[in-house]
Amino acid sequence: MSKLSPAEWKKQVIRQDEIDKYLINGKDFIDHQQIEKQLKDNRTPEKQQVRDIIAKAMEVQRLDPQETASLLHVTDPQLWAEMDEAALAIKRKVYDNRIVFFAPLYCANLCVNNCAYCGFKCENSQEKRRILTMDEVRKETEAVIAEGHKRMILVYGEHPESDADYMVESIKTAYDTRKKARNGWGNIRRVNINAAPMNAAELKKLWEAGIGTYQVFQETYHKDTYAAVHPPETLKGDYRWRLYALHRAMDAGIDDVAVGALFGLYDWRFEVMGLLHHTMDLEKQFGIGPHTISFPRLTPASGSPLSTNSQYLVNDTDFLKLVTVLRLSVPYTGMIVTARERAEIRRQAILRGCTQTDASTKIGIGGYTDALKKLDGYQETSQLEDEQQFMLGDTRSLDEVVRELAEMGMITSFCTAGYRCGRTGDRIMGMLKHCVEGKFCKLNAVLTYREFLDDFASPATKAIGEKIIKQELEDIDKYPFFQKNKELMATFRQEYQDILKGERDVYL
Ligand code: SAM
Ligand code: SF4
């Protein structure tokens, strides 16, 4: 852990040369005038033009900014219905009927920044500050494993006490934790992180610790708004340090990176364009775009009037529109909808092509263990609301959400094989673009779903889950792709039998 004061630490974090090396002719990739022109020039798209753009997206081709701007301005409800339908069809083509689940684990709410929208901001005196010890990280991880999760995303404020070394320790602790399940032991098989931008040397440490995806949200791509909500004297006040966080990560070897914007700070159409330009610049400079795109909506946070009174808060209708447009614009990228959203909106977002979501989520520091203590009638629970970053819209358990998805005909995948078999970065993107990964992962989804049903599911979830598995096995038998790969199928069938007999963590 760093011994520096926050002020000393701040001075040494930002490396100007690790920004400048990515600029092109001294410019970053967010050109306001250009984006505004793209939005203005495509305000009244023709019906046929929109249908041609949908057809291009259906071919799993990334749209260009003009095409995306056109979709953002569609007004005809019939065309929106066609776009929504296409969004789900693209998702099915690339990712099949799988949804991937993860659980966020908040490790620390100490923060040197003062973001106007966040409950963790340093000036929020209502916030009780806490950083988990490794013993607490282990206990929290055990509680997450007990729900049936296999993927976690560790989340940190930005502070010298929760620096890269602390992150490395917590990543390792999460990977090392085991918890008894109905059959054998459960564990976390992929640890992602959501943390502040770091320099290349720090990122390398995370990569060496076995990090899955590195997620940094730009919050807003609009520079004046960025400056208004992130005081310039704070670390986060440096727009370009954040804008190139993922470029540095790529250079450090972390090739699964995740972009996001916090919707509600500025005009939602502009932010969608920002996400697209970010994707395009990563593709241009590294040959691969982001692994996932996130689009959290601003949610009420303690000590943040902006979180409830921003003039740019996005309503449900526009939120679902932006989900559809993102799905069509970047057809091969994963899309994450979180428990910030209410159950109905999450369901609608999934029907517009989201690929990942969280459940049984607790965002208080120590929230999973505190919730268990509460269940036991233990009195000394911390004031969860005072340690949370913002309020959640959906607090259902993993079992409940898995069941709901099964009722919608979707299979939950707990697969982490891609990452452990080296199917990351450009390899996975290539497979997604050619719709191979979706089929390949169908097998791993079945294997991990089998584990979940046997180890964690309630009787009601197991009952409907068995129907989904039966359907999946029948589908697999029919697919020409699988019929051609006889060796792969023999291994799959053997592994499925092994899991039924109690073997765990087998994958293809
Ligand atoms: N401190 C790191 C940072 O700022 O990048 C990472 C952790 S921060 C807790 C994770 C994300 O939470 C932020 O990037 C922001 O988009 C989101 N967030 C902050 N305040 C929020 C709010 N009021 N509602 C919804 N999301 C919020
Ligand atoms: Fe700190 Fe991140 Fe919250 Fe900003 S968004 S106050 S950096 S935890």
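This is a predicted model: local features need pLDDT of at least 70, side-chain atom pairs count only at pLDDT 80 or more; totals for chains, interfaces and linings use all residues.
**Entry 1: a helix pair**

I started with two helices and found that α5 (residues 65-72) packs against α13 (residues 268-286) at an angle of about 155°, the axes being 10 Å apart. That angle makes α5 roughly antiparallel to α13, because anything over 145 degrees counts as such.

Next I looked up the hand of the crossing between α5 and α13, and it is right-handed. Which residues of α5 meet α13? I noted Pro65, Thr68, Ala69 and Leu72 on the α5 side. Facing them in α13 I listed Trp268, Arg269, Val272, Met273, Leu276, His277 and Met280.

**Entry 2: how covered is α5?**

How many of its eight residues are buried? I counted seven, so I wrote the helix down as mostly covered. The buried ones are Pro65, Glu67, Thr68, Ala69, Ser70, Leu71 and Leu72. I then asked what covers them, and the cover includes α3 (32-41), α4 (47-58), α6 (77-95), α13 and α15 (316-329).

Leaving out residues up to four places away in sequence, I found glutamate 67 touching Ile53 and Lys56.

On to the strands. I looked at β2 (residues 151-156) and found six of its six residues buried, which puts the strand down as mostly covered. Both faces of β2 are covered. On one side I have Arg151, Ile153 and Val155, and on the other Met152, Leu154 and Tyr156.

How many bridges join β1 (residues 98-108) to β2? I found five, and the two strands run parallel. For one pairing along the way, I noted tyrosine 106 opposite valine 155 in β2.

Then I followed the pairings of β9. Strand β8 (residues 292-294) is joined to β9 by three bridges, in parallel, and isoleucine 293 stands opposite methionine 335. Strand β10 (residues 356-358) also runs parallel to β9, with two bridges between them. Here the bridge partner of valine 337 is threonine 357 in β10.

**Entry 3: positive phi**

Where does asparagine 25 lie? I found it in the loop between α2 (17-20) and α3. Phi of asparagine 25 is near 50°. Its relative accessible area is 76%, so I recorded asparagine 25 as exposed.

Aspartate 505 gave me another positive value, with phi near 60°. I located aspartate 505 in the segment after α25 (486-500). At 25% relative accessibility, aspartate 505 goes into my notes as partly exposed.

Methods: Residues are numbered from 1 along each chain as its sequence is written. Chains are lettered from A and ligands numbered from 1 in the order in which they are written. Side-chain values use heavy atoms; hydrogens and water are left out. Axes are lines fitted to C-alpha atoms, for helices over the stretch in contact, and angles run from 0 to 180 degrees between N-to-C directions. Helices (H or I, at least four residues) and strands (E, at least two) are DSSP runs, numbered from the N terminus. Angles under 35 degrees count as roughly parallel, over 145 as roughly antiparallel, 65 to 115 as roughly perpendicular and the rest as oblique. A crossing is left-handed if the near helix is turned anticlockwise from the far one by less than a right angle, and right-handed if clockwise. Contact means heavy atoms within 4.5 Å. Buried means under 20% relative accessible area, exposed over 50%, partly exposed in between (1.4 Å probe, protein chains only). Two strands pair if DSSP finds at least two bridges between them.
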